[in-house]
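Open the structure in your viewer and keep the sequence panel beside it. Each stop tells you what to select and what is there.

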Amino acid sequence: FMDIVDPNTGEVLYPAEAFVYGGRLQGVLPAALRGEYLKKNGNPIDQLGFNANYQVTKRLGLTLGANWFSEIPVTRITTMTVPEAFIMNVGAVWQADNWKVQFNGNNILDERYYRPRNGVTVAGLVSSMPGRGWTITLKHDFR
């Protein structure tokens, strides 16, 4: 915001900070955008999820998970849309005596995808999500 000054005298009539502190900030939208603006964007319209866990033996278990998200409008007036995404995760766990080994693969297809902001704040419209990642966990219980 800028100071509002008297064009004749140059005197500051309303300082710029008056528009933010202690006041009420309003934005006027064209009537045609009213319906669009009232929609809360940021969540996919359509989404599908699948998760399967299989216990192969008493000591070995496998997991498979997948999610599909439709394209997602990000801003209130849909000036930006993130593309659809398909993410697949896998995992395995092996346990014996006091040992446990766990393996996880996240986003194994290395899909480039984005997550829109959540809520009505304007900070960070979109987050870039991580690509393919692998983790191995080794655990031993000392009893």
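Start with two terms for this tour. Helices (H or I, at least four residues) and strands (E, at least two) are DSSP runs, numbered from the N terminus. Two strands pair if DSSP finds at least two bridges between them.

This is a predicted model: local features need pLDDT of at least 70, side-chain atom pairs count only at pLDDT 80 or more, and totals for chains, interfaces and linings use all residues. Residues are numbered from 1 along each chain as its sequence is written, and side-chain values use heavy atoms, with hydrogens and water left out.

**Stop 1: the whole chain**

Show the chain as a cartoon. It has one helix and eleven strands. Along the sequence, the pattern reads β-β-α-β-β-β-β-β-β-β-β-β.

Of the 143 residues, 17% count as buried. Buried means under 20% relative accessible area, exposed means over 50%, and partly exposed lies in between (1.4 Å probe, protein chains only).

**Stop 2: the five-stranded sheet**

Which strands make up the open sheet, and in what order? The order is β3-β4-β7-β8-β11, with antiparallel pairing. Select 47-55 and 133-140 to see β3 and β11 at the edges. Each has a single partner strand, so one side of each is left without a neighbour in the sheet. Neighbouring strands here are turned by 10 degrees against each other on average, direction ignored. For such angles, axes are lines fitted to C-alpha atoms (for helices over the stretch in contact), and angles run from 0 to 180 degrees between N-to-C directions.

What holds strands together? Strands of a sheet pair through backbone hydrogen bonds, either parallel or antiparallel.

**Stop 3: walk across the pairs**

Begin with β4 and β7. Ten bridges join these antiparallel strands. Pick L62 and find A92 opposite, in β7.

Next, select residues 85-96 for β7. Strands β7 and β8 pair in the antiparallel sense over seven bridges. A96 stands opposite W99 in β8. W94 has V101 of β8 as its bridge partner. β7 and β8 form a hairpin with two residues between them. D97 in that turn has a positive phi of about 50 degrees.

Move on to β8, residues 99-106. Eight bridges link β8 to β11, again in the antiparallel sense. G105 stands opposite W134 in β11. N106 has G133 of β11 as its bridge partner.

**Stop 4: Q102**

Stay in strand β8 and select Q102. Is Q102 buried or partly exposed? At 27% relative accessibility, Q102 counts as partly exposed. Leaving aside neighbours within four places in sequence, Q102 is in contact with A92, V93, T135, I136 and T137. Contact means heavy atoms within 4.5 Å. Then draw a line from Q102 to L138. These residues are 36 apart in sequence, yet 6.6 Å apart in space, C-alpha to C-alpha.

Zoom out for the wider picture. Residues 24 or more positions apart account for 45% of the chain's contacts with a separation of 6 or more.

**Stop 5: two loop residues**

Select N107, in the loop between β8 and β9 (114-116). N107 is buried at 3% relative accessibility. Not counting residues up to four places away in sequence, N107 touches I87, M88, N89, Y113, P130, G131 and R132.

Now select S70, in the loop between β4 (60-69) and β5 (72-73). S70 is buried as well, with a relative accessible area of 8%.

**Stop 6: L13**

Finish with L13, in strand β2 (residues 12-14). Is L13 buried or partly exposed? L13 is partly exposed, with a relative accessible area of 46%.
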